Amino acid sequence: LEGAATLSHELLAHGQRHQLLLWQAGGATVLGWAMATQGDDRGLDTLHQGVAGARQAFRIIELTFMHILADALLRLGRSDEALAVTRDALTRAQANHDLHLVADFLRLQGDALLSQPHADPAEVAGLYQQGWQLAQTQGAHLLALRCATALARLWQGTARQAEAQAGLSQALARVDGSARWPDLQAARQALASGQPSDQPLEVMD
């Protein structure tokens, strides 16, 4: 995170120095996300500036910036705002026929709903499943893995735990990446937490 903050500061300064609005937006967005990830909600102002800058400079990539904003809001526990951002993003995605992040926005929307008082697990599960199915259709295996991990966590300890674990294991097998990737670590942890203590966990390295 310190490295991301340092580089985003440099990018922001470079963009300002040369009047490159898109690079200013990128620097501001990453800097705001890094601050939010460390629990500093002052980063949200910077993030919002980044989203607005991206929308002005190159509107076609606004969803990428909105995705970072929604993630930051969830990390700060601001689920109402995250829910609003995901709904807005999904509306924009459909209007612009830009579906490359829809699966992950559905997952983030499920996460935001799950943080609400009196959350409906069935509604949340439906969002995770919808995102998972869409990601599979698109061949977006990493996004599918995120949805599968979220569903496995949601269904842990329920009658559908085995179903979710089997799906997660399959999703994990389709992702070829470093064992240090946070998404792979989260998936393995979700699998391990659903295994009986005397049953070894078998996953692909």
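1. Let's start with Trp-181. Leaving aside neighbours within four places in sequence, Trp-181 is in contact (heavy atoms within 4.5 Å) with Leu-142, Val-175 and Asp-176. Trp-181 sits in the loop between α9 and α10; helices here are DSSP runs of H or I, at least four residues long, numbered from the N terminus. With a relative accessible area of 36%, Trp-181 is partly exposed. On that scale, buried means under 20% relative accessible area, exposed means over 50%, and partly exposed is in between, with a 1.4 Å probe and protein chains only. Ala-34 is 147 residues away from Trp-181 along the chain, and their C-alpha atoms are separated by 17 Å.

2. A word on what you are looking at. This is a predicted model, in which local features need pLDDT of at least 70 and side-chain atom pairs count only at pLDDT 80 or more, while totals for chains, interfaces and linings use all residues. Residues are numbered from 1 along each chain as its sequence is written, and side-chain values use heavy atoms, with hydrogens and water left out.

3. Which residues of α10 are buried? They are Leu-184, Ala-186, Ala-187, Arg-188, Ala-190 and Leu-191. The cover over these buried residues includes α8 and α9 (161-173).

4. On to the nonpolar core, meaning a set of buried Ala, Val, Leu, Ile, Met, Phe, Trp, Tyr and Cys residues joined through side-chain atoms within 4.5 Å. The largest one has 52 residues, and Phe-105, Leu-145 and Leu-168 have the most contacts inside it. α8 gives the most to this core, with nine residues. Apart from it lies another core of five residues, including Ala-5, Leu-12, Leu-31 and Ala-34. As for Leu-145, its contacts beyond four places in sequence are Leu-168, Ala-171, Leu-172, Val-175, Asp-183, Leu-184 and Ala-187.

5. On a 1 Å grid over the protein atoms alone, a pocket is an open set of points with protein on both sides within 12 Å along at least five of seven lines, a cavity is a set where a 1.4 Å probe fits but cannot get out, and lining residues have an atom within 4 Å of a point. Points are joined across faces, edges and corners, and a volume is the space filled by probe spheres set on them. α8 gives the most to the pocket lining, with six residues. By class, the lining has 13 nonpolar, four polar and eight charged residues; Ala, Val, Leu, Ile, Met, Phe, Trp, Tyr, Cys and Pro count as nonpolar, Asp, Glu, Lys and Arg as charged, and the others, Gly among them, as polar.

6. How many cavities of 30 Å³ or more does a search of the whole structure find? One. The largest cavity has a volume of about 30 Å³ and is lined by Trp-132, Gln-136, His-141, Ala-144, Ala-171 and Arg-174.

7. Finally, Thr-46, in helix α3 (residues 43-57). Thr-46 counts as buried because its relative accessibility is 16%.

Key. Helices (H or I, at least four residues) and strands (E, at least two) are DSSP runs, numbered from the N terminus.
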